[in-house]
Amino acid sequence: MSTPRKTPTARERARIEFTAEIKAVARRQLAESGAAALSLRAVARELGLASASALYRYFPSRDALLTALILDGYTSLGNAAEAAHAALGTADTEPADVLERWVGVCHAVRDWALAHPHEYALIYGSPVPGYAAPQDTVAQATRVPYLIGALFTDAQGKDGHRPETTRPAMPDDARQSLAPLLSGLPPDTPAELVMGSLMAWTYLFGAISFELFGHRHEIIADPRAFFDHEARRLGAALGLGT
């Protein structure tokens with residue numbers, strides 16, 4: 001029997017609501033001035049507070065506020081990608097093939113980025129000067145990469161991930177360069193699978209960044225159609241389907 005969830009007190013509800021308000025103002029400032037210009041003083045001023053000291057009980061520093069926004073961004077993005085993947089196959093239905101799930105995840109990530117451009121820029125744009133993300137952001141930050149890795153694992157399990165005969169063999173130095181990542185994975189994880197996953201992850205966010213930051217402006221007439229085809233093409237090239 002599960003333990004009933006405790007109802008938040010009025011003080012706890014007020015804290016949750018004010019924390020959300022602080023972050024909403026901070027996101028508006030990201031849109032207007034960028035992450036580097038974010039400050040607790042500016043947030044306090046927009047909230048009508050006399051000084052930033054009233055915010056210290058919620059966020060003791062600008063970096064703590066940035067970390068909260070980054071965690072929110074990664075969490076929201078991870079939720080969108082995982083929901084798209086789950087929608088293409090449930091416990092009651094036969095999952096779509098791996099290539100279709102890959103394309104679905106790609107579109108979900110792109111859609112999220114277009115709907116949240118400033119949050120995307122915060123987590124995948126230029127680093128914020130003087131800020132270093134703490135270790136507790138890693139779990140959320142790696143949700144999409146691990147989801148992509150799971151697709152490659154599925155493809156390999158179904159004999160879908162077959163290196164083409166024209167694909168260069170991975171040299172020893174490239175294989176050894178994956179040691180930090182491989183050390184945290186099951187010992188029988190193939191380096192080729194990890195290489196494919198990293199290439200897919202890099203492509204996906206590189207393509208979205210090119211579009212979002214204007215590098216494809218006036219070059220591609222229908223960005224969504226182009227993105228759909230290139231996602232399918234890359235997925236097939238990396239062995240996720242045909």
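1. In this predicted model, the largest pocket holds about 420 Å³ of space. Its lining is made up of 19 residues, and those that lie nearest the centre of the pocket are Pro145, Tyr146, Gly149, Leu185 and Ser197.

2. Two helices, α7 (143-157) and α10 (191-212), each supply at least two residues of that lining, and the greatest contribution comes from α7, with seven residues. By residue class, the lining of the largest pocket divides into twelve nonpolar residues, six polar residues and one charged residue.

3. Helix α4 covers residues 98-115, and its 18 residues should span 26 Å at 1.5 Å a residue, which agrees with the 26 Å that separates its end C-alpha atoms.

4. How many of the 18 residues of α4 are buried? The count is 14, and α4 is therefore largely enclosed by the rest of the structure; buried here means a relative accessible area under 20%.

5. The largest nonpolar core has 54 residues, and the members that touch the most other members are Ile22, Val43, Leu65, Trp102, Val109, Leu122 and Leu204. Two or more residues of this core come from each of α1 (10-33), α2 (40-46), α3 (62-87), α4, α5 (117-124), α7, α10 and α11 (223-237). Among these elements α4 gives the most to the core, with nine residues. As general background, nonpolar side chains in soluble globular proteins tend to be buried together.

6. Helix α3 has 26 residues, and the distance from its first C-alpha to its last is 38 Å, close to the 38 Å expected at 1.5 Å a residue. The buried residues of α3 are Leu65, Leu66, Thr67, Ala68, Leu69, Ile70, Gly73, Tyr74, Leu77, Gly78, Ala81 and Ala84.

7. A last point concerns Ala231, which has its place in helix α11. Is Ala231 buried or exposed? Ala231 counts as buried, because its relative accessibility is 0%. Ala231 and Phe152 are 79 residues apart along the chain, and their C-alpha atoms are separated by 14 Å.

Conventions. Residues numbered from 1 in each chain as written. Predicted model: local features only at pLDDT ≥ 70, side-chain atom pairs only at ≥ 80, totals over all residues. Heavy atoms only, no water. 1 Å grid on protein atoms, 1.4 Å probe; cavity = no way out; pocket = protein on both sides within 12 Å on 5 of 7 lines; lining within 4 Å. Points joined across faces, edges and corners; volume = space filled by probe spheres on them. Helix = DSSP H or I, 4+ residues; strand = E, 2+ residues; numbered from the N terminus. Nonpolar A, V, L, I, M, F, W, Y, C, P; charged D, E, K, R; others polar. Expected span 1.5 Å × (residues − 1). Buried < 20%, exposed > 50% of the residue type's maximum accessible area, 1.4 Å probe, protein only. Core = buried A, V, L, I, M, F, W, Y, C linked by side-chain atoms within 4.5 Å.
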